[in-house]
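Q: Can you go through this one with me? I'll ask as I look.

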Amino acid sequence: EGRPAGRRPQRAHAPARSHGGARGRRAGAPAMASRGTVAEVLQVASERTGVSGAICLDRQGFTLGTCGSQLPSQPSHIVSLATCCAKMEPKATSPPVITMETSTRTLSVTSRDDLVVGIARSVEG
């Protein structure tokens, strides 16, 4: 199930916030681009090797944009997951990267300001 080259995200309504570059990003962490619309950020993220899909939500759980496949059918739950995990270390200087693995996919989630981004990868095997 490959996605066609140049596939555009399904929805994109808000510009992404400025979050700096990739410096210091942990392996497997979702890419949070420095500038661009949600659609552009998701498109770039979904084109990375091994990535099958990307999603961006606001803090209320509303989907701002999606691209690709292997995304949760009810993605609003990942917002509360990101919020609760951030409370585990309230003095942390950067938000946590949460990784969930199932038999079909691995989903990495992180947040910045008012955005939550998830990156889905197919489980190979």
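Q: Which residue takes a positive phi in the hairpin of β2 and β3?
A: G61 does, with a phi near 95°, in a hairpin that has four residues between the strands. Helices (H or I, at least four residues) and strands (E, at least two) are DSSP runs, numbered from the N terminus.

Q: Before going on, what kind of model is this?
A: This is a predicted model: local features need pLDDT of at least 70, side-chain atom pairs count only at pLDDT 80 or more, and totals for chains, interfaces and linings use all residues. Residues are numbered from 1 along each chain as its sequence is written, and side-chain values use heavy atoms, with hydrogens and water left out.

Q: What is the mean pLDDT of the protein chain?
A: The mean is 79, and 71% of the residues reach 70 or more. pLDDT is the predictor's confidence in each residue, from 0 to 100.

Q: Where does pLDDT stay under 50?
A: Over residues 1–27. For that stretch the model has 59 contacts beyond four places in sequence, a contact being heavy atoms within 4.5 Å.

Q: How many helices and strands are there?
A: Two helices and six strands. Along the sequence the pattern reads β-α-β-β-α-β-β-β.

Q: Back to β2 and β3, how many bridges join them?
A: Five, and the two strands run antiparallel. Two strands pair if DSSP finds at least two bridges between them. I55 stands opposite T66 in β3.

Q: Is β3 mostly covered, or how many of its residues are buried?
A: Strand β3 covers residues 63–68, and six of its six residues are buried. Buried means under 20% relative accessible area, exposed over 50%, and partly exposed in between (1.4 Å probe, protein chains only).

Q: Which sense does the pairing of β2 with β6 have?
A: Antiparallel, over seven bridges, with β2 at residues 51–58. V51 stands opposite R121 in β6.

Q: And how many bridges join β5 to β6?
A: Eight, and these strands also run antiparallel. V109 stands opposite G118 in β6. The hairpin of β5 and β6 has two residues between the strands, and D113 takes a positive phi near 50° there.

Q: How many residues of β6 are buried?
A: Six of the eight in β6, residues 115–122.

Q: T110 next. Buried or exposed?
A: T110 is buried, with a relative accessible area of 6%. T110 is found in strand β5. A polar atom of its side chain lies 3.1 Å from the backbone oxygen of P96.

Q: Where does T49 lie?
A: In the loop between α1 (38–46) and β2. T49 counts as exposed because its relative accessibility is 81%.

Q: What separation do the C-alpha atoms of T49 and R121 have?
A: 9.3 Å, with the two residues 72 apart along the chain.

Q: Which residues of α1 are buried?
A: V38, A39, V41, L42, Q43, A45 and S46. That is seven of the nine residues, and α1 is mostly covered.

Definitions and conventions:
A polar contact is a pair of N or O atoms within 3.5 Å; within protein, one must be able to donate a hydrogen and the other to accept it, and residues adjacent in sequence count only if both atoms are side-chain atoms.
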